[in-house]
Amino acid sequence: MSMFDIIGPVMIGPSSSHTAGAARIGLTARHIFHEEPAEAEITVYGSFAKTYKGHGTDKALVAGILGFGADDVRLRRSFEIAAERQVKILLKTSDAEVAHPNTVRIRLTGKSGRTLEVVGVSLGGGKIEVREIDGFDVLVTGEEHTLMTFHRDKPGIISRVSGILAADNINVSTMRVFRSGKNENAVMILSTDSPVPAEMVEEIKKIDGISNVIAMLPL
């Protein structure tokens with residue numbers, strides 16, 4: 001157990017789960033999206049839906065989407081700053097049953113028209129998990145260097161990506177592959193011991209069958 005686990009994250013309060021965790025979910029969604037958002041549709045569930053105003057969950061989610069961390073004082077003004085940046089915010093609550101009480105669905109639309117939808121949960125102590133990306137069941141914590149590939153499920157892709165990383169001495173600590181079905185769309189999520197350079201990301205993007213590659217630093 002670390003000191004972080006005992007005293008919690010450095011944050012703008014009041015709640016590590018409803019404020020700091022919410023900010024980290026929004027920030028992780030932004031990093032996965034990898035584009036400046038023009039619109040964010042946010043749906044909160046469970047405890048998030050019941051207490052979001054009192055705990056500032058809404059402000060924290062918007063702050064993360066804008067690129068602010070949980071300890072950034074601008075969190076308190078996130079809606080105002082979103083308006084200044086002409087980022088449209090749509091906030092909804094839902095009574096639908098969810099697996100975790102602190103659940104949020106974020107749908108981002110970029111200035112290019114591209115969209116991304118993620119589902120995240122706040123586990124407490126500022127820790128979070130993104131459990132769904134564009135309908136795929138995934139697991140992203142934002143705590144490690146992370147490489148994500150979006151591709152068609154076909155032989156050779158995993159070995160080619162691994163080979164490119166190995167050639168530059170990038171060590172993979174964990175690997176998970178999620179797919180909608182055999183020979184259909186898939187997402188591969190790799191945690192690495194060091195960051196993946198931009199030029200390597202571009203090389204991986206050239207692999208036949210891969211539609212997108214995202215490299216994330218620990219948040």
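The buried residues of helix α4 are Thr-57, Asp-58, Ala-60, Leu-61, Val-62, Ala-63, Gly-64, Ile-65 and Leu-66. Buried here means under 20% relative accessible area, exposed means over 50%, and partly exposed lies in between (1.4 Å probe, protein chains only). The model is predicted: local features need pLDDT of at least 70, side-chain atom pairs count only at pLDDT 80 or more, and totals for chains, interfaces and linings use all residues. Residues are numbered from 1 along each chain as its sequence is written, and side-chain values use heavy atoms, with hydrogens and water left out.

Helix α4 spans residues 57–66 and is mostly covered, with nine of its ten residues buried. Helices (H or I, at least four residues) and strands (E, at least two) are DSSP runs, numbered from the N terminus. Gly-67 follows α4 and has a positive phi, near 105°.

Helix α3 (residues 46–55) has Gly-46, Phe-48, Ala-49 and Tyr-52 buried. Seen down the axis of α3, these buried residues fall within an arc of 145°, so they line one face of the helix. The arc is that of the directions from the helix axis to the C-beta atoms. Lys-50, Lys-53 and Gly-54 are exposed, on the face of α3 turned away from its buried side. An α-helix has 3.6 residues a turn, so residues three or four places apart point the same way. Just after α3, Gly-56 takes a positive phi of about 70°.

The largest nonpolar core holds 44 residues, of which Ile-106, Ile-133 and Met-148 touch the most other members. Helix α2 (residues 16–33) gives the largest share of this core, seven residues. Apart from this core lies another, of 15 residues, among them Leu-165, Val-196, Ile-207 and Val-213. A nonpolar core is a set of buried Ala, Val, Leu, Ile, Met, Phe, Trp, Tyr and Cys residues joined through side-chain atoms within 4.5 Å.

Contacts were taken as heavy atoms within 4.5 Å. Not counting residues up to four places away in sequence, Ile-106 touches Ile-25, Gly-26, Ala-29, Glu-41, Leu-61, Ile-65, Leu-116, Glu-117 and Val-118. Ile-133 lies in strand β5 (residues 127–133). Ile-133 is buried, with a relative accessible area of 0%. With residues up to four places away in sequence again left out, Ile-133 touches Ile-32, Leu-116, Glu-117, Val-118, Val-138, Met-148 and Phe-150. The C-alpha atoms of Ile-133 and Arg-107 are separated by 9.9 Å, and the two residues are 26 residues apart along the chain.

Arg-105 sits in strand β3 (residues 102–110). Arg-105 is partly exposed, at a relative accessible area of 24%. Beyond four places in sequence, Arg-105 touches Glu-41, Ile-42, Thr-43, Tyr-45, Glu-117, Val-118, Val-119 and Glu-132. Phe-48 is 57 residues from Arg-105 along the chain, and their C-alpha atoms are separated by 11 Å.

Two loop residues were examined for backbone geometry. Most residues other than glycine have a negative phi, and most peptide bonds are trans. Asp-134 has a positive phi, near 50°. Asp-134 is found in the loop between β5 and β6 (136–140) and is partly exposed, with a relative accessible area of 42%. Asn-169 also has a positive phi, near 60°. Asn-169 lies in the loop between α6 and β8 (172–179) and counts as exposed, at 71% relative accessibility.

The second largest pocket has a volume of about 190 Å³. Of its 15 lining residues, the closest to the pocket centre are Val-196, Val-201, Ile-214, Ala-215 and Met-216. The elements giving two or more residues to this lining are β7 (145–152), α7 (198–205) and β10 (210–216). On a 1 Å grid over the protein atoms alone, a cavity is a set of points where a 1.4 Å probe fits but cannot get out, and a pocket is an open set with protein on both sides within 12 Å along at least five of seven lines; lining residues have an atom within 4 Å of a point. Grid points are joined across faces, edges and corners, and a volume is the space filled by probe spheres set on the points.

Helix α7 has Met-200, Val-201 and Ile-204 buried. Seen down the axis of α7, they fall within an arc of 105°, so they line one face of the helix. These buried residues pack against β7, α6 (157–167) and β10. The face of α7 turned away from its buried side carries the exposed residues Ala-198 and Glu-199.
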